[in-house]
Each structure stands twice: as C-alpha cells, then as structure tokens.
Amino acid sequence: MPDVFQVLADPTRRRLIDALRGGERSVNELVELVDIGQPGVSRQLAILEDADFVIVRPDGRRRLYSFRELSQFVTAYRTIWEGRLDRFAAELDRRRRNKNKKEKRR
C-alpha cells in the first residue's frame, strides 16, 4: 500500500478528492471540474484507487468514481493517538492540580 501522506501531498489528487466528495463522478466530469486532461485524471485516479481513497463502479462503458471515507485509515492510527492523547490529558490534569495547590498556598 502506498504512503497515504505522499498520496495526499499532491494538489491534483486533493482536487480530485474534493470533487468526489460531492458524489459519484465519471472521468469526463472530473476532467471538467479539475481542469486537467483525461490521461492525467485517469493516472491520478489510479493512484487514488491503489491507495483506497476512491471506489470505482462500472456503469456500462463508463467508470464512475466515488470518494471512500477515511474511517479505515483513521482507525489504524486511532490506537496510537488515543494512548498519546490520554497521557497528554493526564499530564495537563497533573499540572493544573499542581498550579491550583501552589495558588492556594499563597
């Protein structure tokens, strides 16, 4: 799987994702919305599909693309960040209690 941060770093891919947040679109619709040629849009969509940011649905001769919510990506990092944020909150509470104790002594 490609590095998701590297995938999202490209401004063209971010414009495509923004366009897809409005709903399912064909390649031709995306070409008009992001103002780049069809080969460029197709290339960027392939990268987004490989990174699991978009879903492709065949519709006759057309292929329709839609934005995949990032819940799977977020879930993968949630356990890492939850522990860190819990420790951060505990440290903030400890500092607040120490500050309150010092102020009461004055």
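In this predicted model, L45 touches L16, L20, V27, L30, V54 and Y65, when residues up to four places away in sequence are not counted. L45 also stands out in the largest nonpolar core, a group of 18 residues in which L45 and L48 have the most contacts. At least two residues of this core come from each of α1 (4-9), α2 (11-20), α3 (27-34), α4 (38-50), β2 and β3 (62-67), and α2 gives the most, with four residues. In soluble globular proteins, nonpolar side chains tend to be buried together.

One of the partners of L45 is V54, which lies in strand β2, a strand that covers residues 54-59. V54 has a relative accessible area of 2% and is therefore buried, since it falls under the 20% limit used for that class. With residues up to four places away in sequence set aside, the contacts of V54 are L20, L45, L48, E49, Y65, S66 and R68, a list that includes both L45 and L48. The C-alpha atoms of V54 and L30 are 13 Å apart in space, and the two residues are separated by 24 positions in sequence.

The packing of α2 and α4 can be considered next. Two packed helices are described by the angle between their axes and the distance between the axes. The axes of α2 and α4 come within 10 Å and cross at roughly 80 degrees, an angle that makes α2 roughly perpendicular to α4. On the side of α2, the contact is made by T12, R13, L16, I17 and L20, while α4 takes part through V41, Q44, L45, I47 and L48. When these residues are sorted by class, the contact has seven nonpolar, two polar and one charged residues.

Leaving aside neighbours within four places in sequence, S26 is in contact with R62, R63 and L64.

Most residues other than glycine have a negative phi, and most peptide bonds are trans. D35, although not a glycine, has a positive phi of about 60 degrees, and its place is in the loop between α3 and α4. With a relative accessibility of 69%, D35 counts as exposed, because the value is over 50%. D52, also a residue other than glycine, has a positive phi near 65 degrees and is located in the loop between α4 and β2. The relative accessible area of D52 is 37%, so that this residue is partly exposed.

Taken as a whole, the protein has five helices and three strands, and from the N terminus on its elements run α-α-β-α-α-β-β-α. The radius of gyration is 22 Å, well over the 13 Å that the globule rule gives for 106 residues, so the protein is more spread out than a compact globule. The C-alpha atoms fill a box of roughly 75 × 25 × 20 Å, taken along the principal axes. Of the 106 residues, 24% count as buried. Among the contacts with a separation of 6 or more, 49% are accounted for by residues 24 or more positions apart.

How values were computed
Residues are numbered from 1 along each chain as its sequence is written. This is a predicted model: local features need pLDDT of at least 70, side-chain atom pairs count only at pLDDT 80 or more; totals for chains, interfaces and linings use all residues. Side-chain values use heavy atoms; hydrogens and water are left out. Buried means under 20% relative accessible area, exposed over 50%, partly exposed in between (1.4 Å probe, protein chains only). Contact means heavy atoms within 4.5 Å. A nonpolar core is a set of buried Ala, Val, Leu, Ile, Met, Phe, Trp, Tyr and Cys residues joined through side-chain atoms within 4.5 Å. Axes are lines fitted to C-alpha atoms, for helices over the stretch in contact, and angles run from 0 to 180 degrees between N-to-C directions. Angles under 35 degrees count as roughly parallel, over 145 as roughly antiparallel, 65 to 115 as roughly perpendicular and the rest as oblique. Ala, Val, Leu, Ile, Met, Phe, Trp, Tyr, Cys and Pro count as nonpolar, Asp, Glu, Lys and Arg as charged, and the others, Gly among them, as polar. The radius of gyration is taken over C-alpha atoms; the globule rule is 2.2 Å times the number of residues to the power 0.38.
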